[in-house]
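Q: I am new to this structure and would like to learn how to read its features step by step. Could we look at it together?

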Amino acid sequence: MAPYDRLRTGGSPRPPRAGDTWWYAAVAGEAADSFSTRVRIRTRRACLGAVLLLTVVYAGLVLTATGRRWSDAAVTGRRADTRVAEFLRDHPSLAGAATLSLVLACVLLAGLGLLRKRYALTGAAAGAVAVSLAVAGLLQGYAPRPPAADAGALPPSGFPSATATLAFGVALGLALVAPRRSRGLVVGAATLWAVGLGAYSVAAGDHRPGDVIAAALLALAVQCGLIALLARRGKVRPGPRRGTVLRSLPATLPLALLAAGGLAAGFLLLGDTLGLPATAPYDPAELRLAHRCGQALAAGVGAAAGLVLLALVRHVDLDGGPASYRLGGPFVEDSGAPEQGELVGPFTENRDHEIS
């Protein structure tokens, strides 16, 4: 096995299976209980979990009458919330700033990867964003949904939001191209920006809260699927376990507070806003409460998506493949050590990884 393919702490290896030989690990980079296998398993599970949550959100907010009524009330409540209405009226340039920030974020994603000469990872990150947008377009165009009633001035259902999908896709895609020691700071700050952009789209009436929630889950699912694919191909390796927590704290701490506070406030308010009457007129206070509930849930889910991805790749180095194999120990006592930088054999002098 590779030097970093150590067994789990305090555990014992499972019984051997077909393909778990040392030469399989050396040639394919995939062995039982290896680091790349563990990364692949947990990111694949995270991908499936995000897809499951996306399905639940779609069924609850799009296919049910109660969910659609709550979503419409959350959009309508932006007018009842005078603080939001006055802020948007006093800052009409926010629409242009949001579009400009999306362009700059895409340039940052591509430029950072190219400057660091991570061409393959840059292409993979851009491909993940494109896949996310393609899936969002397919869901918007072909996902079944009941015919809309007289929505009046409400925007058409855009589940998931393409704008939020692009924002979260770029924010999570930075995990592939950012330096590992600064990954938490970069991805955390970008996720905060994506959450703010999603909040603006809901406050402006362009999208419903469920559209932003679905966009965050979709971007997380695609990104986790990509990292699982990289791990399956042996393109991940363990990184140092120290020196990154304090560096990323200025971004991850606000992200954690936003995730916990948004989800807690959203679920507390959700029970009071689902009991809206089936027909108008609605109480303005209830509409305002529904809007704030939707904003809290969207912010909480978006922040949690960024935290989940950072937790999954916390000790994972995505910059390259496995470490080189070197011949050592009793194999070179009589024949002499290889030259510096010379790559020889799959053996290692660590007794914990002794080949039997």
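Predicted model: local features only at pLDDT ≥ 70, side-chain atom pairs only at ≥ 80, totals over all residues.

Q: How many helices and strands does the protein chain have, and in what order do the elements run from the N terminus on?

A: The protein chain has 11 helices and two strands. Read from the N terminus on, the order of its elements is α-α-α-α-α-α-α-α-α-β-α-α-β.

Q: What do the totals say about burial, contacts and accessible surface in the protein chain?

A: For burial, the cut-off is under 20% relative accessible area, and 44% of the 356 residues of the protein chain count as buried. For contacts, the ones considered are between residues at least 6 apart in sequence, and 80% of these join residues at least 24 apart. The accessible surface of the protein chain comes to about 18,000 Å², and carbon and sulfur atoms account for 63% of that area.

Q: Which peptide bond is cis, and where is the place of Pro160?

A: The peptide bond from Phe159 to Pro160 is cis, with an omega near -10°. Pro160 has its place in the loop between α6, residues 119-142, and α7, residues 162-177.

Q: What is the phi of Lys117, and is this residue buried or exposed?

A: Lys117 has a positive phi of about 60°, although Lys117 is not a glycine. Its place is in the loop between α5, residues 94-115, and α6. Lys117 counts as exposed because its relative accessibility is 60%, and the cut-off for that class is over 50%.

Q: Which residues does Arg292 touch, if those up to four places away in sequence are not counted?

A: With those sequence neighbours left out, Arg292 touches Asp81 and Leu269. Arg292 and Leu269 are 23 residues apart along the chain, and their C-alpha atoms are separated by 8.3 Å. Arg292 itself lies in helix α11, residues 284-312, and is partly exposed because its relative accessible area is 39%.

Definitions and conventions
Residues numbered from 1 in each chain as written. Heavy atoms only, no water. Helix = DSSP H or I, 4+ residues; strand = E, 2+ residues; numbered from the N terminus. Buried < 20%, exposed > 50% of the residue type's maximum accessible area, 1.4 Å probe, protein only. Contact = heavy atoms within 4.5 Å. Areas by Shrake-Rupley, 256 points an atom, 1.4 Å probe, with all protein chains shown as cover.
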